[in-house]
Every structure is written in structure tokens, then in C-alpha cells.
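Subject: Structure handover

Hello,

Please find the structure for you to take over below. My notes on what was found in it come after.

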Number of protein chains: 2
Amino acid sequence: MTRKIRLGAFLPGGGQHIASWRHPDQPADGAVNFDFHRQLAQTAERGLFDAYFLADGLAASVGGTSEGGPARVAGFEPVTLFAALAPLTTHLGFIATASTTYEEPYNTARKFASLDLISQGRAGWNVVTTATEAAARNFNLDRQFPHAYRYKRAAEHVEVVRKLWDSFEDDIFIRDKASGDFYDRDKLHPADHKGEHFKVQGPLNVPRSPQGHPVIVQAGQSEDGRALAAATAEVIFTAHQHLSTAQEFYRDIKSRARELGRNPDHILIMPGVAPFVGRTDEEAREKYDALTSLIRDEDGVSLLNGLTGGTLDLTGYDLDAPLPPAPPTEGMKSRQALIRQIADENDFTIRQLFQWVATARGHYTIVGSVSRIADVLQEWFENEGADGFNILPPWLPTGLNDFVDLVIPELQRRGLFRTEYEGRTLRENLGLPFPVNRHAAARAAAQAAE
Amino acid sequence: MTRKIRLGAFLPGGGQHIASWRHPDQPADGAVNFDFHRQLAQTAERGLFDAYFLADGLAASVGGTSEGGPARVAGFEPVTLFAALAPLTTHLGFIATASTTYEEPYNTARKFASLDLISQGRAGWNVVTTATEAAARNFNLDRQFPHAYRYKRAAEHVEVVRKLWDSFEDDIFIRDKASGDFYDRDKLHPADHKGEHFKVQGPLNVPRSPQGHPVIVQAGQSEDGRALAAATAEVIFTAHQHLSTAQEFYRDIKSRARELGRNPDHILIMPGVAPFVGRTDEEAREKYDALTSLIRDEDGVSLLNGLTGGTLDLTGYDLDAPLPPAPPTEGMKSRQALIRQIADENDFTIRQLFQWVATARGHYTIVGSVSRIADVLQEWFENEGADGFNILPPWLPTGLNDFVDLVIPELQRRGLFRTEYEGRTLRENLGLPFPVNRHAAARAAAQAAE
């Protein structure tokens with residue numbers, strides 16, 4: 001089987017571009033409109049996307065820290081939203097974001113296991129440490145934990161969750177009505193975890209789904225983030241403006257994984273791409289200009305602050321001057337570096353910077369014809385820049401419809417993308433291995449040694 | 001409008017009676033079968049039930065503490081399950097259980113607000129403190145917090161959640177595409193909570209649903225539990241074997257509420273009732289005997305331990321002897337007292353005790369014809385014993401179908417139950433008031449005073 005491009009769809013109901021809610025095509029109430037999300041999920045499934053992906057934060061985006069623009073001040077919690085969408089779809093995966101800093105592993109393990117069971121094996125967990133001061137203040141803290149601490153806690157949190165996901169062996173259930181034997185007690189296992197941050201006995205009270213475990217996804221790009229991702233992630237969501245940096249990242253992660261004894265093919269690198277799709281380059285450019293014209297200054301300033309975890313408040317600065325120097329920060333190091341890199345490389349003023357990142361928050365924006373977009377995706381895919389992409393349609397539903405109706409057929413014509421789903425679970429479609437239950441594996445190993 | 005009986009349906013997919021999974025009618029995998037839950041929800045809605053109700057625990061029911069019988073060792077997490085069922089129904093409410101001890105108020109507020117938004121105002125939160133040692137060991141503790149501490153924390157947790165649910169005033173959203181004004185910043189409010197157990201800044205990042213707040217439900221019957229319920233609950237789920245104790249409870253709660261300045265009509269008392277419905281009393285008795293015959297000794301012993309929070313392990317005792325004396329315990333005081341009362345009043349052996357409670361765990365079991373069951377419900381409803389009932393069908397789907405097809409028409413004939421839903425939200429159907437946003441109320445009061 002030839003290698004195929006994997007595709008995630010980043011579909012916040014409030015739109016990707018910070019002014020997208022003002023676009024005539026997009027419902028102004030999209031962020032809290034369940035039926036609109038249903039429509040997006042069904043379109044993504046028609047386009048044979050691997051998964052619907054949602055970011056998340058544990059604080060309202062208000063005032064000077066509104067990363068998503070005002071339309072994202074409120075919305076659905078991702079796991080409940082995806083649970084509601086799961087029965088309305090049949091093959092689409094659902095990758096929800098949840099925090100290792102402000103949730104307990106038993107609760108994390110449980111809600112994802114439940115989503116995985118409801119969807120019959122289509123769940124993924126985007127592991128984040130949550131890097132805003134506003135979130136810390138919603139969870140009994142005056143300020144957030146240091147970056148390094150959050151990542152250590154995250155690694156242990158993921159470890160505990162995975163142990164809990166192996167509480168039930170796959171063949172534990174007997175369910176013999178005649179004898180009254182419901183399950184095999186020897187195939188139910190505690191986690192018995194005692195670590196630096198967590199003490200969790202287990203077992204979990206949700207069994208494994210048809211895919212074994214939800215898929216583990218991560219997005220950190222700092223040193224701590226790369227180390228965690230190489231050790232634990234199966235999909236990595238990443239942001240690059242150039243093939244060269246994407247390649248550096250791709251090779252670094254694959255090499256780290258190899259050193260840790262992992263098969264590098266089992267870590268899929270998926271940069272974010274925001275495509276303005278036209279039948280011609282000119283048509284695409286017109287779409288870009290139309291959206292950019294809808295950004296208000298205050299929303300642009302708020303965006304830059306939100307993107308950097310509330311550490312870059314440019315209120316009162318001359319928007320037509322360059323970016324001032326950065327203070328040291330514990331939050332979102334890699335994001336701040338990326339934003340500054342974009343400004344430096346392009347010699348942008350503050351205004352030009354927020355106009356550029358308003359679409360995709362540091363992800364790669366492509367404005368062009370169908371063949372131009374397909375060319376870029378193909379180039380990155382075939383040259384160690386990407387195993388697939390997270391598509392961030394700038395506005396909805398049109399940006400998604402354009403991609404599904406125009407770009408996906410072109411990728412299929414080039415033999416780069418599936419023409420039907422390969423399997424029923426997210427893992428099967430992504431080509432990721434089934435995680436054999438650790439206790440079943442240990443028993444099999446013991447028996448083989450006898 | 002005459003007062004009507006309110007009805008909740010307690011529908012664990014694994015069945016209510018601990019041996020129900022062995023019944024020929026019930027799917028043996030019911031606890032983890034999403035489609036079965038869909039069928040149950042749709043039947044409850046056909047029966048015009050106010051709400052689908054699910055209990056919850058934060059530990060697997062294993063070994064000596066399996067309250068629900070072996071078929072409930074694993075299942076769905078209630079909020080994700082209800083989110084998935086919400087779009088497949090139109091009027092049915094969803095009351096999910098969540099813990100004030102092992103979750104953070106920001107997360108609690110958020111998941112219920114999201115469920116409420118997805119269901120367009122049909123969510124309820126059954127507030128529990130979680131009283132098992134097994135749960136404590138899943139959340140970094142060696143043993144659980146004392147009873148009184150849990151209830152103090154619970155009261156503050158509910159207070160914080162309610163503040164967060166008022167973050168957005170109902171008319172906050174402007175969504176004017178022309179001007180770019182998305183919302184009125186003056187109508188977004190922090191919680192600014194600083195208490196003994198929690199410090200939460202807010203605002204929440206989910207707006208209010210059409211019913212304002214999810215309905216608050218509670219079930220505690222201890223002194224601490226009654227005090228909390230009278231102060232904060234809108235629906236109380238309670239367990240009584242006799243009209244006399246139900247009346248004592250009913251009058252006590254209504255009187256406490258009145259003393260706290262609440263309208264006692266805005267606290268609905270709903271005892272649990274497990275009906276074995278027959279066309280005749282004999283047919284009902286046959287159904288009861290058939291289920292009882294399916295209980296294994298080990299599952300009966302495990303049930304009693306589970307019901308008392310793991311503090312009554314009778315393994316090794318003579319099952320045909322009376323119950324031994326109780327040790328002091330921090331967990332589930334009111335439940336243990338209730339179980340002992342049943343044993344004492346009926347002069348039960350251990351075996352007879354578990355056979356009797358196997359159906360309904362201390363709730364009232366009625367074995368009889370349609371008219372006998374309707375008579376009991378009517379008597380309690382008309383004599384200050386109940387405002388409604390939580391129906392616990394002993395096995396599924398038959399026990400639910402029997403109630404919907406036989407008992408509900410009889411209640412309707414007597415004018416005691418609705419013939420169509422009164423409204424679209426859970427509050428509207430329960431006849432509970434819309435909680436005016438506290439900030440909007442304060443502004444209105446200030447304006448009136450000017």
C-alpha cells in the first residue's frame with residue numbers, strides 16, 4: 001500500500017480567521033450552534049477526512065487575550081460536543097483537546113474512553129498543558145506553574161491515563177446468562193500508579209473500545225514539548241511557515257522516536273495549513289483580501305496577545321510600527337518565538353503581522369489555485385516535511401466546502417489521498433497500530449517463556 | 001393548572017436489578033451498548049418522562065464493592081453519554097451525576113453548560129460528594145475526606161458553579177456583522193470567587209442555554225445532605241420504604257427551604273420506585289420471582305458491601321443468619337442506616353436482605369397490577385409524600401416498556417400525568433422557574449432604585 005496523506009480538519013464553529021464570523025457565508029452564532037457543527041462534521045466525513053480536530057482553553061478569551069477573535073469568547077466543551085456528533089457520523093475521527101494541568105488523570109482517561117466507546121473507536125486526545133495565566137486563575141492558583149513543571153506533570157498524566165486504558169483486557173467479558181459469569185476477574189487490572197504528581201489505584205470503569213486506546217495527539221514545539229511528543233504522541237500537530245523548518249522538525253521528531261525505540265512511522269507529523277482555495281490564484285487572493293478587510297484593529301491586537309498566552313499586550317502601541325522586544329515568559333514559549341519569526345522575516349508592522357496571522361495563528365497560509373495548493377501539500381508530503389496536514393479552513397462552511405469539493409479530488413487524482421475510508425476506527429484510517437493491552441502482552445510473554 | 005406527577009427514569013444500560021443482565025429480554029452487553037441507550041432514551045421520551053437519570057461512581061465496581069452487580073463493572077461516563085443522546089431526542093431531560101469532591105468547579109460548570117447548550121436546555125446535574133474509599137484512591141488520596149468536609153466542599157462547589165453559569169447575560173450577543181460588534185463586554189462577568197476550598201476567577205467560556213442553568217438535583221439524606229439539598233437543590237431524589245418516612249422527609253425539606261426563604265414548590269421531592277408491573281398481581285409476582293432466582297450468592301454479598309460504600313463486607317458469613325452489627329464509618333451514613341432498617345423491620349437474613357434490595361437498592365419496590373401501582377403513586381403524590389417519582393425499571397427494556405405502555409396511560413386517565421410535554425426545556429417541563437442572571441437582576445434592581 002502506498003503512503004497516503006492524512007488529513008485532520010480544524011473546524012471551530014466560530015471560524016478560524018478572527019473576522020470569519022463577519023463573512024456573509026458564516027453563521028454569526030456558529031460557535032454555539034450545534035446544528036452548524038453537525039453540518040461541518042458531515043461535510044468533513046464526505047471529504048474522507050481522518051478526523052475533526054478542536055483546540056481548547058480553560059478560560060474565556062476576553063479583553064486582551066482573545067486568540068480566536070470575539071466570536072470565540074464562548075463555545076462548546078470539545079468532548080461533549082464530539083460525543084454529540086459521534087452518533088451522527090460513521091467514520092470521522094474526533095480529536096479533542098484536554099489539559100494535563102487542570103484535570104485529574106482518572107477523569108481524563110474516563111471521558112476519552114467514553115467518547116471512544118460511543119464512537120466505536122474514533123476518539124483522539126490532544127494533550128496540552130494549558131499555558132495561560134487566565135486558566136490558572138480558574139483553578140485555585142494565582143499564577144501558572146512553570147513550563148518545565150507542566151511538561152513533567154503532562155508526561156506522568158499521559159502515563160497514568162494509558163495505564164487506566166488498559167484496565168480491561170479486550171476479551172474480559174464472558175456474559176454467559178446461563179452460568180451468571182459476567183467477566184473474567186483475572187482480566188481486570190488496577191493501575192497501581194504511584195508517581196511524583198499522581199497516585200491512582202484504578203481500575204478505570206470504562207472498557208477499551210474497538211481501537212484499544214484513543215489516539216494520542218500533541219502540539220508542543222519547545223524542547224520540552226518535542227521530548228514529550230517523541231515519547232508519547234502518535235500524531236503531532238505543528239506549525240511551520242517553510243518547508244525547511246518543517247523538515248527540521250520532522251527529522252528531529254522521527255529521530256528522537258527512533259532513539260526511544262519507537263517505530264517512526266507510528267508518529268504522524270501533521271503541520272497546519274490554512275488554504276484560501278480559488279479556481280485561479282486571483283480568485284483565491286480576492287477571498288483573502290475580503291476576509292482581511294473585516295479585521296478590526298482592537299481584535300487584531302487582542303489576537304497577538306492571545307496567541308502568546310497573554311504576554312504581548314500591544315494596546316496603545318502604534319500599529320504601523322514594528323513589534324517591541326519581548327519580556328521573558330513561562331507561557332507558550334514556542335508560539336511567541338514563531339510569531340516573532342514571522343514578523344522579522346517579513347519585516348512586518350504590528351498591523352501587517354496581525355493581518356497575516358489572523359487566518360491561521362502561525363500556521364502556513366496558502367492563497368492560490370487548486371493545483372498550487374495541491375503542489376505545496378505534495379511537496380511537503382514527499383520531502384519529509386509532513387505525513388499529512390491539519391486543514392484550517394479560514395471561514396466556514398465555505399472554506400471547508402472548497403477544500404472538500406476542489407482540493408480533495410485533485411489529491412485523489414494524484415494518488416495522494418484515499419477514495420474511501422480504509423477502516424472503521426481512527427487508528428485504522430491513520431494506519432496506526434492497535435495498542436495491545438499491556439497485561440495481555442505480559443501474560444503472552446510469560447506463556448511463551450515457559 | 002393542576003399539579004402533575006413528575007417522572008424521572010433511572011435507566012442504567014446494565015439494568016437496575018443486579019441480575020437483570022441475565023434476563024432473556026435484556027442485552028447482556030447493555031452497559032456498553034450505545035444503541036441500547038438510544039432505544040431507552042427514545043422510549044422514555046415516548047412515555048413523556050421529564051428526564052433520563054444516571055447515577056455515577058469514580059471507581060470500577062469490583063470484587064466486594066459491586067453495588068450494581070457485575071454487569072455494571074464498566075459503562076459510559078454519564079455526561080458524554082447524554083451529550084450523544086441529546087441530538088437523538090427533542091424533549092427528554094438528561095440528569096447526570098458528577099462529583100464535587102473529585103472535580104474542579106470550572107470543569108463541572110463547563111461540561112454541564114455544554115450539555116445544556118447541546119440539548120438546548122435539557123440538562124440537570126445530580127450533585128454528589130462521592131462516598132467510596134475506592135474513588136479516593138483514584139484521586140491521589142489514601143482515604144476519603146470526612147463526611148462533613150465533603151459536604152462543606154460540595155456547598156461551595158455548587159456556589160462557584162452557579163456563579164460561573166451566570167458569566168454571560170442572556171442578551172450579551174450582538175453579532176452585528178456590519179459593525180463588527182460581537183458581544184457586549186459589560187454583560188460578561190467574572191465569578192471572582194475566593195472561598196475556603198476554591199479560588200475561581202472566571203468567566204466561564206460557555207454561555208447560558210435556553211433554560212438559564214442546568215437543573216440542580218441532589219440525593220443526600222443525612223443531616224448534612226438535607227441541609228445542602230434544602231439550600232441548593234431543585235429536585236431531590238430520595239429513598240423510602242414507607243409513606244410515613246417519605247412524608248417526614250418531604251415536610252422536613254419543604255420546611256427547611258421555607259426557612260431559607262425559598263419557595264417550597266421549587267424543590268421537587270422525587271422518591272425512587274421500582275415497579276414490577278403486571279396485568280394482575282400474580283403476573284407481577286411471577287416477574288419478581290423470575291428475576292430474584294437469577295441472583296448468585298457472591299453477587300448478593302457484593303451488593304450489600306457496595307451499597308454501604310465498601311463498609312459491609314459479609315464474605316464468609318452465614319447468609320441465612322441475621323446481619324452483624326455495623327462499624328462506624330465516614331461513608332454513606334444514610335444508606336447504611338436505610339439498609340439496616342429494611343433488615344430489622346422485615347427480620348431478614350442476609351440472603352433475604354440482598355434479595356429484596358437487589359432490585360432497587362433501598363428504594364421502594366412495588367410488585368403488582370397496573371392499578372395497584374397507580375394507587376401507590378397517587379397516594380404518595382396526594383399526601384405530601386412526593387412531587388413525582390424516579391422510576392427504576394428492574395430490568396430493561398421490558399420494565400421500562402411496561403411502565404410506559406401500561407402505567408403511564410393509567411396515570412393519564414386519572415389526570416395525574418401530562419399527555420404532552422408542556423415545554424422544550426427540562427425546567428419548563430418540571431415547572432421550575434427560570435434563574436434570572438444575577439448580574440442582570442442586580443442591574444435591574446439598581447435601575448429601579450434610581
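Buried area here means the accessible area, taken with a 1.4 Å probe, that two parts lose on being put together, summed over both. Please keep in mind that this is a predicted model.

The two chains

By that definition, about 6,000 Å² is buried between chain A and chain B. Carbon and sulfur atoms give 57% of that area. Chain A puts 73 residues into the contact, and chain B puts in 73 residues.

Salt bridges

Side chains of opposite charge can pair when their charged atoms come close. Over all chains, a search of the whole structure finds 70 salt bridges. Between chain A and chain B the count is 6. One pairing is K199(A) with D142(B), whose side chains meet in a salt bridge at 2.8 Å, N to O. This pair joins two chains, because K199(A) lies in strand β8 (residues 199-200) of chain A and D142(B) in the loop between α4 (133-136) and α5 (147-165) of chain B. There is also a salt bridge between D142(A) and K199(B), with the closest N and O atoms 2.8 Å apart.

Helix packing

Two packed helices are described by the angle between their axes and the distance between the axes.

How do the axes of helix α2 of chain A and helix α2 of chain B cross? In both chains α2 covers residues 78-85, and the two axes come within 6 Å and cross at roughly 45°. That angle makes α2(A) oblique to α2(B). The crossing in which α2(A) passes α2(B) is right-handed. On the chain A side, V79(A), T80(A), A83(A) and A84(A) take part, and they meet V79(B), T80(B), A83(B) and A84(B) in α2(B). Sorted by class, this contact has 6 nonpolar and 2 polar residues, with no charged residues.

α2(A) also packs with helix α3 (residues 105-118) of chain B, at an angle of about 35° and with the axes 9 Å apart. The crossing of α2(A) and α3(B) is right-handed. From α2(A) the contact uses P78(A), T80(A), L81(A) and A84(A), while α3(B) supplies R110(B), K111(B), S114(B) and I118(B). By class, that gives 4 nonpolar, 2 polar and 2 charged residues.

Within chain B, the axes of helix α1 (residues 34-46) and α2(B) come within 10 Å, crossing at roughly 65°. α1(B) passes α2(B) in a right-handed crossing. F34(B), H37(B), R38(B) and A41(B) of α1(B) make this contact with L81(B), A84(B) and L85(B) of α2(B). Its residues divide into 5 nonpolar, 1 polar and 1 charged.

Backbone

Most residues other than glycine have a negative phi, and most peptide bonds are trans. The following places in the model depart from that.

- G202(A) and P203(A) are joined by a cis peptide bond, with omega about -5°. P203(A) sits in the loop between β8 and β9 (215-218) of chain A.
- The peptide bond from L396(B) to P397(B) is cis as well, and its omega is near 0°. P397(B) is in the loop between β13 (388-391) and α13 (398-413) of chain B.
- Q120(A) is not a glycine, yet its phi is positive, at about 55°. Q120(A) belongs to the loop between α3 (105-118) and β4 (123-128) of chain A.

Regards

Methods. Residues numbered from 1 in each chain as written. Chains lettered and ligands numbered in written order. Predicted model: local features only at pLDDT ≥ 70, side-chain atom pairs only at ≥ 80, totals over all residues. Heavy atoms only, no water. Axes fitted to C-alpha atoms, helices over the stretch in contact; angles between N-to-C directions. Helix = DSSP H or I, 4+ residues; strand = E, 2+ residues; numbered from the N terminus. Parallel < 35°, antiparallel > 145°, perpendicular 65-115°, else oblique. Left-handed = near helix turned anticlockwise from the far one by under 90°. Contact = heavy atoms within 4.5 Å. Nonpolar A, V, L, I, M, F, W, Y, C, P; charged D, E, K, R; others polar. Salt bridge = Lys/Arg side-chain N within 4 Å of Asp/Glu carboxyl O.
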